[in-house]
Amino acid sequence: MPRTILSENSKCGCSINLPIRGHCTPTKNCSRCCYARMGHTALPVSKAKQTWVSNYLQSGNDHSRLILEAKAHTSVRLCGTGDLLQSHIPALFELAETCKTTQFWGMTRKINIATQVNGQFPNLHLLVSVDASSPKSVWNYQGALCWGPRLPADVIPVDDRIKVVFPYHAHGRVIQAVPKHPKDCQAVWHNISGCLECGRCWNW
């Protein structure tokens with residue numbers, strides 16, 4: 001059992017980190033640029049915690065410990081690494097209902113999960129991630145989107161559904177040759193201290 005369920009994150013504050021294997025449905029660009037495969041999140045001890053957290057979130061488990069941790073934060077990013085499973089949804093609803101002053105937010109490649117989650121609680125939001133290698137069918141989704149990773153040659157569509165853009169970054173820095181875009185995450189560029197100073201990922 002890990003010392004804490006939430007993981008610390010210098011940009012987001014804290015996050016629920018999940019495994020890549022068996023959870024993610026990456027696009028070609030997502031797989032190529034995956035930050036969860038590098039640094040401390042890729043260490044064996046981190047992977048073991050991610051697996052433990054995923055199992056813990058399964059329906060039927062006692063989530064009181066996570067609820068206690070989440071209540072101490074203004075916001076909690078969902079799937080800071082990895083992606084959500086269908087079996088995690090009841091736990092998300094329990095968190096949102098119990099921790100009413102905490103914003104739970106994140107990104108997912110799974111439209112079916114975003115469709116089930118969004119609109120259920122005012123403090124629970126999931127953006128659907130798209131990028132230049134996403135299948136055309138993803139654009140049939142009418143909910144809120146985010147674009148990432150944004151590679152140097154990417155052309156971002158003019159689309160009100162896209163709330164935020166994440167330039168390709170690694171080890172805390174935007175990759176050289178990636179130009180700025182008006183919808184870029186300002187925390188990635190270090191123009192603000194972190195997600196709490198912005199809130200664009202959940203204020204939509």
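Which residues lie nearest the centre of the largest cavity? They are Cys 185, Cys 195, Cys 198, Arg 200 and Cys 201, part of a lining of 13 residues. The structure is a predicted model, in which local features need pLDDT of at least 70 and side-chain atom pairs count only at pLDDT 80 or more, while totals for chains, interfaces and linings use all residues. Residues are numbered from 1 along each chain as its sequence is written, and side-chain values use heavy atoms, with hydrogens and water left out.

A cavity is found on a 1 Å grid over the protein atoms alone, as a set of points where a 1.4 Å probe fits but cannot get out; a pocket is an open set with protein on both sides within 12 Å along at least five of seven lines, and lining residues have an atom within 4 Å of a point. Grid points are joined across faces, edges and corners, and a volume is the space filled by probe spheres set on the points. Searching the whole structure gives one cavity of 30 Å³ or more. The largest cavity holds about 90 Å³ of space. Its lining divides into nine nonpolar, two polar and two charged residues. Here Ala, Val, Leu, Ile, Met, Phe, Trp, Tyr, Cys and Pro count as nonpolar, Asp, Glu, Lys and Arg as charged, and the others, Gly among them, as polar.

The second largest pocket has a volume of about 210 Å³. Residues from Pro 19, Ile 20, Arg 21 and His 23 to Lys 47, Gln 50 and Thr 51 are among those that line this pocket. Its lining is made up of four nonpolar, four polar and three charged residues.

Lys 11 sits in the loop between β1 (7-9) and β2 (13-15). Helices (H or I, at least four residues) and strands (E, at least two) are DSSP runs, numbered from the N terminus. Apart from neighbours within four places in sequence, Lys 11 is in contact (heavy atoms within 4.5 Å) with Phe 166, Cys 185, Ala 187, Val 188, Gly 194 and Cys 195. Lys 11 is buried but has no salt bridge, and the nearest side chain of opposite charge, Asp 184, is 11 Å away. Buried means under 20% relative accessible area, exposed over 50%, and partly exposed in between (1.4 Å probe, protein chains only). For charge, Lys and Arg count as positive and Asp and Glu as negative, while His and the chain ends are not counted.

Where does Asp 184 form a salt bridge, and with which residue? Asp 184 pairs with Arg 150, the closest N and O atoms being 2.7 Å apart. This pair links distant parts of the chain, with Arg 150 in strand β6 and Asp 184 in the segment after β9, 34 residues apart. Both Arg 150 and Asp 184 are buried. A salt bridge is a side-chain nitrogen of Lys or Arg within 4 Å of a carboxyl oxygen of Asp or Glu. By this rule there are four salt bridges. Another is formed by Arg 109 and Asp 131, with the closest N and O atoms 3.1 Å apart. Arg 109 lies in the loop between β4 (103-108) and α5 (111-117) and Asp 131 in the loop between β5 (124-130) and β6, so the pair ties together parts that are 22 residues apart in sequence. Arg 109 counts as buried because its relative accessibility is 16%, and Asp 131 is buried at 2%. Arg 161 and Asp 159 also meet in a salt bridge, at 2.8 Å from N to O, and both are buried.

Strand β6 (residues 145-150) contains Pro 149, which is joined to Gly 148 by a cis peptide bond with omega of about 0°. Cys 79 is not a glycine, yet has a positive phi of about 45°. Cys 79 lies in the loop between β3 and α4 (89-98) and is buried, with a relative accessible area of 2%. Ala 177 has a positive phi of about 85° and is not a glycine either. Ala 177 is found in the segment after β9 (173-174) and is exposed, at 61% relative accessible area.
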